[in-house]
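Here's a quick briefing for anyone meeting this structure for the first time. Have a look at the sequence and the model, then read on.

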Amino acid sequence: AEVLSLEEVMDALHLGAVDPNSLDDELYSELGDCGIPGLTVFTTAGGDCSNLSVDTIFSFERKSKVFFVKNSKSTVSIAGSGFSFRNPVHFNSLSDPESRDMYH
(Lines give C-alpha, C1' and ligand atoms only; values in the text may rest on other atoms or scores of the structure.)
Protein backbone atom coordinates (compact mmCIF):
# COMPACT_ATOMS: atom_id res chain seq x y z
CA ALA A 1 0.00 0.00 0.00
CA GLU A 2 1.14 3.49 -0.74
CA VAL A 3 1.99 5.84 2.13
CA LEU A 4 0.05 9.07 1.70
CA SER A 5 0.86 11.12 4.79
CA LEU A 6 2.90 11.34 7.98
CA GLU A 7 -0.33 10.99 9.98
CA GLU A 8 -1.06 7.68 8.23
CA VAL A 9 2.37 6.34 9.25
CA MET A 10 1.88 7.50 12.85
CA ASP A 11 -1.62 5.97 13.08
CA ALA A 12 -0.88 2.65 11.38
CA LEU A 13 2.65 1.65 12.38
CA HIS A 14 3.48 0.84 15.99
CA LEU A 15 6.54 -1.42 15.82
CA GLY A 16 9.64 0.47 16.85
CA ALA A 17 12.83 0.14 14.85
CA VAL A 18 16.51 0.75 15.43
CA ASP A 19 17.99 3.94 14.00
CA PRO A 20 19.29 2.68 10.62
CA ASN A 21 22.29 5.00 10.95
CA SER A 22 23.49 2.86 13.87
CA LEU A 23 23.66 -0.26 11.66
CA ASP A 24 26.24 -1.36 9.09
CA ASP A 25 26.92 1.38 6.53
CA GLU A 26 25.64 -0.56 3.53
CA LEU A 27 22.55 -2.18 5.06
CA TYR A 28 20.12 0.76 4.72
CA SER A 29 19.94 3.73 2.38
CA GLU A 30 18.18 6.99 3.16
CA LEU A 31 15.63 7.86 0.47
CA GLY A 32 14.64 11.24 1.86
CA ASP A 33 10.97 12.08 2.43
CA CYS A 34 9.51 10.33 -0.66
CA GLY A 35 7.27 13.36 -1.16
CA ILE A 36 5.86 13.31 2.40
CA PRO A 37 6.99 16.31 4.47
CA GLY A 38 8.27 15.42 7.94
CA LEU A 39 9.05 11.80 7.07
CA THR A 40 12.42 10.19 6.38
CA VAL A 41 12.43 6.81 4.64
CA PHE A 42 15.19 4.21 4.94
CA THR A 43 15.24 1.07 2.82
CA THR A 44 17.45 -1.92 2.26
CA ALA A 45 19.56 -2.17 -0.89
CA GLY A 46 17.64 -1.81 -4.11
CA GLY A 47 14.54 -0.19 -2.60
CA ASP A 48 13.01 3.06 -3.75
CA CYS A 49 10.00 5.21 -2.85
CA SER A 50 7.70 3.14 -5.08
CA ASN A 51 8.96 -0.21 -3.75
CA LEU A 52 8.76 -0.27 0.08
CA SER A 53 9.00 -3.55 2.00
CA VAL A 54 8.52 -4.81 5.56
CA ASP A 55 12.20 -3.94 6.08
CA THR A 56 11.56 -0.26 5.35
CA ILE A 57 12.05 2.06 8.34
CA PHE A 58 10.29 5.41 8.69
CA SER A 59 11.60 8.22 10.87
CA PHE A 60 9.76 11.31 12.07
CA GLU A 61 9.95 13.85 14.88
CA ARG A 62 7.20 14.59 17.40
CA LYS A 63 7.53 16.85 20.45
CA SER A 64 11.31 17.15 19.95
CA LYS A 65 11.81 13.35 19.92
CA VAL A 66 12.83 11.30 16.88
CA PHE A 67 10.84 8.08 16.33
CA PHE A 68 11.77 5.11 14.14
CA VAL A 69 9.05 2.65 13.10
CA LYS A 70 9.16 -0.47 10.98
CA ASN A 71 6.87 -0.84 7.96
CA SER A 72 4.95 -3.81 9.36
CA LYS A 73 2.06 -4.72 11.62
CA SER A 74 1.76 -7.50 14.14
CA THR A 75 -1.73 -8.64 15.13
CA VAL A 76 -2.62 -11.31 17.66
CA SER A 77 -5.90 -13.14 16.88
CA ILE A 78 -7.74 -15.35 19.38
CA ALA A 79 -8.95 -18.46 17.54
CA GLY A 80 -12.71 -18.94 17.45
CA SER A 81 -13.49 -15.59 19.06
CA GLY A 82 -13.12 -12.98 16.35
CA PHE A 83 -11.07 -10.98 18.87
CA SER A 84 -7.73 -9.49 17.90
CA PHE A 85 -5.34 -6.81 19.11
CA ARG A 86 -2.17 -5.21 17.87
CA ASN A 87 1.25 -6.34 18.96
CA PRO A 88 1.91 -6.12 22.69
CA VAL A 89 4.52 -3.54 23.65
CA HIS A 90 7.85 -4.30 25.25
CA PHE A 91 10.42 -2.02 26.77
CA ASN A 92 13.60 -3.93 26.02
CA SER A 93 16.37 -1.87 24.55
CA LEU A 94 17.08 -2.95 20.97
CA SER A 95 20.37 -1.08 20.82
CA ASP A 96 21.64 -1.93 24.34
CA PRO A 97 20.04 -5.21 25.51
CA GLU A 98 20.72 -6.53 28.99
CA SER A 99 19.98 -9.96 30.44
CA ARG A 100 17.68 -8.41 33.06
CA ASP A 101 15.36 -7.29 30.22
CA MET A 102 14.20 -10.86 29.59
CA TYR A 103 12.60 -10.99 33.05
CA HIS A 104 10.29 -8.01 32.48
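What follows is a short tour, from the overall layout to a few local spots.

This is a predicted model, so local features need pLDDT of at least 70, side-chain atom pairs count only at pLDDT 80 or more, and totals for chains, interfaces and linings use all residues. Residues are numbered from 1 along each chain as its sequence is written, and side-chain values use heavy atoms, with hydrogens and water left out.

**Overall layout**

- The chain has 1 helix and 6 strands; helices (H or I, at least four residues) and strands (E, at least two) are DSSP runs, numbered from the N terminus.
- Starting at the N terminus, the order of elements is α-β-β-β-β-β-β.
- Of the chain's 104 residues, 22% count as buried; buried means under 20% relative accessible area, exposed over 50%, and partly exposed in between (1.4 Å probe, protein chains only).
- Take the contacts (heavy atoms within 4.5 Å) between residues at least 6 apart in sequence: 38% of them join residues at least 24 apart.
- The chain's accessible surface is about 7,500 Å², with 51% of it belonging to carbon and sulfur atoms; such areas come from the Shrake-Rupley method with a 1.4 Å probe, and for residues, only the protein chains shown count as cover.

**Inside: the cores**

- A nonpolar core here is a set of buried Ala, Val, Leu, Ile, Met, Phe, Trp, Tyr and Cys residues joined through side-chain atoms within 4.5 Å.
- The largest one has 10 residues, namely Val3, Leu6, Val9, Leu13, Ile36, Leu39, Val41, Phe58, Phe60 and Val69.
- Helix H1 (6-12) and strand E3 (57-62) are the elements that give two or more residues to this core.
- There's also a second, separate core of 5 residues, among them Ala17, Phe42, Ile57 and Phe68.
- In general, nonpolar side chains in soluble globular proteins tend to be buried together.

**Leu13 and Ser72**

- Setting aside neighbours within four places in sequence, Leu13 touches Phe58, Val69, Lys70, Asn71 and Ser72.
- Ser72 sits in the loop between E4 and strand E5 (75-78).
- Ser72 counts as buried because its relative accessible area is 18%.
- With neighbours within four places again left out, Ser72 is in contact with Leu13, Leu15 and Val54.

**The disulfide**

- The structure holds 1 disulfide, meaning a pair of cysteine sulfur atoms within 2.5 Å.
- That link joins Cys34 to Cys49, with S to S at 1.9 Å.
- The angle about the S-S bond is -75°, and the link of Cys34 and Cys49 is left-handed.
- It ties together distant parts of the chain: Cys34 is in the loop between strand E1 (28-32) and strand E2 (40-44), while Cys49 is in the loop between E2 and E3, 15 residues apart.
- Cys34 is partly exposed, at 25% relative accessibility, and Cys49 is partly exposed too, at 38%.

**A loop with positive phi**

- Most residues other than glycine have a negative phi.
- Lys63, in the loop between E3 and strand E4 (65-70), has a positive phi near 50°.
- Ser64, in the loop between E3 and E4, has a positive phi near 65°.
- Lys63 counts as exposed because its relative accessibility is 83%, and Ser64 counts as exposed at 70%.
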